[in-house]
Amino acid sequence: MDHPGFFSLAILWMVLWGAIGGAVIHRAYLARDLDVTAARTVGVAVGAATGPFGLVPLYLRTPTLTRAWQALPWIGVVTVFLFAFRASDPDNVCFTSGTFVTSQLVNGLIMGTIYGLMALGLALIFSIIGIVSFSHGEFYMIGGMVVYYMTEVWAPGLGPIAAVIAACAVTFGIGAAFERAFFTPIYAGKVERPNEYAILVTFGLAFFLQYLVQGLSGANPVKASPFFELPRSEWPAGAPIIETTRSNIKLFDMISISTPRLTAAILSVVMLLALIWFLYNTWTGRALRATAQDRQAAAVAGINPGRMNMLAFGLGCMLAGLAGAVLVQAFSWLPQTGAIPALRAFVIIVLGGLGSLPGAFIGGLILGLVEAAGAGCVPDPTRAAAYLPAYGMIILTLVLLLRPQGLFGRKV
Amino acid sequence: MITLDVKDIRKKFGNHQVLKGVSFRIEGPELVGLIGPNGAGKTTLTNVLDGAIKPDSGTIRLNGTRIDPLHPYEIARAGLGRTFQVTRAFRRMTVLENLYVPAMAMDASVNRKEMEEKANEILAFLTIDHLRNEYGRALSGGQQKLLELGRLLMLDPDVYILDEPFAGVHPSLMATIYKWIERVNGEGKAIILISHQMESIFTLCRRLLVLNFGDLIADGPPAEVKNDPAVIDAYLGVEEDMSGTGLLTQEASHA
Amino acid sequence: MISHAPKIAGSVAAALLVLFPLVYSAGNYDFVMHLWITAFYYAILASSWALLAGYGGQFSFAHLAFMALGAYGAGILDNYVFLTSLPTGTCTEFGLLGTNIVFLPPAGTGDAGACLTAARATWPEGATVSRFPLLLQIAFGAIVGGGAGWLIGTLVLRLRAAYLALFTVGLSEILRAVLSAEIWLTRGQAGMPMSPLFPEGITILGTTYGPAAKLPAYYVMLALFFATLSLLLWVARSRIGLFLRSLREDEDAAEALGVDTVKWKRAVFVLTAAIAATAGAVQGHYVGLITPNTLVLLQMSLVIAMAVIGGLENLVAAAIGAILISFALEFLRTDFTILGLEVDMTTWRLVFFGLLLMLTLRFLRNGVIQGALMWIERRGVGAETVAKRRAAEEAK
């Protein structure tokens with residue numbers, strides 16, 4: 001970065017005016033007996049994007065804060081941030097190389113799809129049982145471990161698809177059994193503080209599973225071989241649009257995609273479509289959605305809530321396991337592998353709005369893009385990698401401060 | 001003198017206007033009933049009064065001081081106390097500790113001995129003194145309602161808002177609640193009583209406020225409110241227990 | 001009707017802990033002392049977390065992050081700030097009350113201490129260089145931790161259960177990333193060395209103990225443990241404890257009864273964070289090295305497991321749980337072979353504790369030790385209630 005001082009000043013300027021805007025605009029709307037629900041957030045955005053130039057007219061005019069008012073200033077904030085970044089670091093590869101940017105975008109979307117799949121599991125559990133599972137990362141890890149052992153050790157002949165199905169079965173089974181053994185007292189109203197109980201007991205499960213796997217399989221990293229390997233080819237020959245090597249695809253000679261990640265994303269999308277089909281076209285799926293919308297009405301309609309809870313927890317864990325199962329071919333795998341993806345899933349469901357299924361998926365895509373941008377554009381490469389989990393946390397902090405209900409959550 | 005001045009309170013949740021400009025004024029030791037069909041906005045109004053929900057517009061003044069911008073705890077200390085529709089006893093604290101919370105919150109340097117004496121006196125008055133070392137969760141639903149009333153006495157506000165104090169209470173404990181209301185009212189405090197039990201409301205209150213779809217449609221003595229056509233309209237077809245109030249007899253005569 | 005047995009037992013136990021290092025004399029003396037020091041350290045963390053989570057209802061996973069902030073706060077002073085009797089002229093420094101406070105450049109940006117070494121070579125005999133005073137280091141660590149507690153307490157004010165837990169887990173992960181990545185300041189995974197608690201050794205009652213001796217460290221940690229526990233118990237029994245429990249039970253109801261929930265929530269964060277930070281600073285000096293690995297979720301899990309298994313809503317129970325479990329963890333370290341399979345106990349003991357944590361939560365919600373204490377303390381309550389009701393009925 002050429003001018004780090006300028007960049008810090010710009011950020012400081014935005015934060016300062018954001019804080020001032022939040023306080024002043026809220027007060028202005030309050031003083032004029034206007035709707036104040038959105039005033040603070042809009043004040044922050046307008047302040048951060050324009051400083052005093054936007055705040056003064058907003059303060060004087062106090063217009064009705066429509067949806068456009070709530071959204072457009074944020075685009076301004078992002079634009080101002082990008083300009084400040086560009087001005088202070090003009091040689092950054094993110095501004096000089098279109099190829100790199102497109103590549104990062106595509107890879108961000110691919111990873112985002114898989115993140116979305118995993119977060120969807122967490123959102124599904126929350127929408128039905130109303131708890132956040134802290135063992136989600138361990139199911140991700142177990143999904144990957146099962147695929148590794150199936151394809152490399154136990155039954156290499158069966159192929160990767162059978163291994164993925166086995167991973168689903170194992171994670172679903174553990175999840176469902178755990179739900180029956182430990183969550184039933186919650187529904188019976190026997191637990192004084194159900195939220196905290198659920199947090200601690202799933203946390204205990206995470207601890208237990210992580211070391212159980214370590215005890216069984218050892219602490220060394222394992223690596224599964226890619227599900228599919230491509231032949232080396234070019235199409236059309238000479239000036240290729242698609243160029244493939246064993247583990248890489250190159251489009252238009254500029255966008256580079258790793259095959260294991262691509263197969264993982266494709267499998268995720270297939271599984272996602274299967275899940276949507278299940279939720280909308282089967283009796284059980286409809287019953288699940290009904291329970292998520294209105295528990296009591298569903299119970300009156302003859303849906304057994306206990307079974308739905310078990311199914312939801314099992315399915316949620318299975319989705320995490322699935323994300324791990326398709327990604328184990330792309331990364332090396334450890335018993336501790338689940339921690340960062342679990343954190344990501346948390347960020348995503350808060351971003352999307354706790355319990356919102358579309359929110360979880362779109363949140364996953366957003367986080368995928370943000371991480372790709374962070375990993376690609378932050379000037380110091382070693383730091384950019386070390387701080388990978390931090391980008392999500394910055395989003396989480398902003399969302400919690402400015403819009404706690406998330407993008408698609410219902411107003412609390 | 002105690003005054004509670006509510007002016008043009010509006011509150012919107014999403015696209016649903018829950019309160020559409022509610023205004024009323026309470027002066028002195030009044031005992032006011034707040035009634036209305038389900039979804040009329042009674043609980044929202046209570047939450048706005050106690051500061052848990054901020055109104056979109058309007059002002060609330062207690063004894064001349066504006067309280068609507070204050071935090072709930074500041075409003076409680078300023079002299080407005082409430083109970084909740086669903087009982088909210090501190091379940092893992094003993095009955096005595098439940099009573100100490102408001103006393104100590106009001107006055108950090110409260111004399112412990114006096115506080116204990118007052119708490120014991122209140123528990124005896126509410127006929128639950130034998131339970132004083134039990135945890136809140138060990139109490140029955142009705143006893144928990146009494147405990148909440150006891151906590152309010154320890155807070156000792158000027159205006160008491162009781163949200164459904166009779167709901168789910170065993171008849172043998174009703175007399176105690178009646179006695180409690182007489183005592184508080186006799187001490188010169190104002191009470192706003194929200195209840196679906198029309199019999200109790202009509203026996204106790206000398207003034208009724210009727211909310212319907214966020215509007216205050218009637219304000220006056222029970223006899224007058226009972227015959228107000230707007231009120232009868234609001235209650236038509238609602239499964240409230242209106243027998244004994246005369247509200248439904250007119251409907252019957254129309255039919 | 002409240003029994004005094006636990007108080008008497010507590011005093012006896014405290015006296016035994018004070019006498020223990022003087023009477024114990026087996027060959028594994030240093031090892032056993034080390035176990036006790038570690039146990040006290042965990043007891044401080046577990047009991048302060050119990051005040052935060054058990055009393056205040058704030059299930060924060062950032063407790064070890066506060067601990068690490070305290071340790072690194074002290075560590076940075078220990079490594080980069082020195083007191084000299086003469087000005088160096090070349091280092092960043094300023095004079096205060098006749099001493100010079102010298103700030104060395106952090107290790108990554110050049111040879112740390114080069115300017116000081118160069119200056120020392122030119123100084124006359126008798127000029128002194130000393131580390132930043134230990135107590136001030138620890139105090140600084142506590143302030144850093146408490147400040148972070150205030151900040152996080154403020155950030156999470158509006159968050160309930162799940163959000164709070166998610167947010168604090170994330171924050172600890174970030175702090176770990178920062179401590180590992182900012183090698184110029186923290187030396188990353190290699191860790192930051194710290195001087196011993198008593199670098200010159202110490203003489204107690206005529207016996208001189210070297211810097212590595214366990215007995216002085218034992219008493220330092222024990223004193224910190226007693227001081228912490230007394231402070232926590234005092235808070236828990238004062239009106240603050242009452243308010244914390246009320247807001248844990250029902251925040252809206254507490255607020256409606258005049259409790260300033262925001263203030264007390266923030267206060268409990270600051271207090272427990274400062275305690276964790278102090279423990280971290282002292283433990284850092286005792287161990288002599290601080291690394292980002294003290295922050296892994298495993299450590300937080302251990303503290304949580306200790307507090308839960310002991311009893312979350314009783315500070316003494318949480319402390320006892322921590323002491324018992326940290327000993328148990330140590331004694332279960334021995335590997336063994338069963339049916340021809342070698343069992344790696346360093347891993348399997350943790351599997352066992354995960355299971356124990358889950359089962360305690362499921363079947364003994366008050367924890368093992370708190371359950372017993374409650375049974376003793378509240379033995380008479382039921383009988384009292386029945387007797388009083390009878391008396392009232394007879395009076396009628």
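Of what handedness is the crossing of H11(A) and H14(A), left-handed or right-handed?

A: In this predicted model, the crossing of H11(A) and H14(A) is right-handed. Helix H11 of chain A covers residues 259-281 and helix H14 of chain A covers residues 305-327, and their axes come within 9 Å, crossing at roughly 150°. Because angles over 145 degrees count as roughly antiparallel, H11(A) is roughly antiparallel to H14(A). On the H11(A) side the contact is made by Ala264(A), Leu267(A), Ser268(A) and Met271(A), while H14(A) contributes Leu322(A), Val326(A) and Leu327(A). Sorted by class, this contact of H11(A) with H14(A) has 6 nonpolar residues and 1 polar residue, with no charged residues.

Chain A also takes part in a contact between chains, in which 30 residues of chain A meet 31 residues of chain C. On the chain C side, helix H6 (161-181), helix H12 (297-310) and helix H14 (345-363) each supply at least two residues, and H6(C) gives the largest share, with 13 residues. The side of chain C that touches chain A divides by class into 22 nonpolar, 5 polar and 4 charged residues.

Within chain C, the domain assignment gives domain 1 as 5-85 + 128-333 + 345-387 and domain 2 as 86-127. The centres of these two domains of chain C, taken over C-alpha atoms, are separated by 36 Å. In the contact between them, 12 residues of domain 1 of chain C meet 16 residues of domain 2 of chain C. Strand S1 (81-84) and helix H7 (183-186) of chain C each supply at least two residues of the domain 1 side, the largest share of which, 4 residues, comes from S1(C). That side of domain 1 of chain C comprises 8 nonpolar, 3 polar and 1 charged residues.

Strand S4 of chain B, residues 57-62, is joined to S5(B) by 2 bridges, and the two strands run antiparallel; Leu62(B) stands opposite Thr65(B) in S5(B).

Technical notes
Residues are numbered from 1 along each chain as its sequence is written. Chains are lettered from A and ligands numbered from 1 in the order in which they are written. This is a predicted model: local features need pLDDT of at least 70, side-chain atom pairs count only at pLDDT 80 or more; totals for chains, interfaces and linings use all residues. Two residues are in contact if their C-beta atoms, placed from the backbone, lie within 7 Å. Ala, Val, Leu, Ile, Met, Phe, Trp, Tyr, Cys and Pro count as nonpolar, Asp, Glu, Lys and Arg as charged, and the others, Gly among them, as polar. Domain bounds come from an automatic or database domain assignment. Axes are lines fitted to C-alpha atoms, for helices over the stretch in contact, and angles run from 0 to 180 degrees between N-to-C directions. Angles under 35 degrees count as roughly parallel, over 145 as roughly antiparallel, 65 to 115 as roughly perpendicular and the rest as oblique. A crossing is left-handed if the near helix is turned anticlockwise from the far one by less than a right angle, and right-handed if clockwise. Two strands pair if DSSP finds at least two bridges between them.
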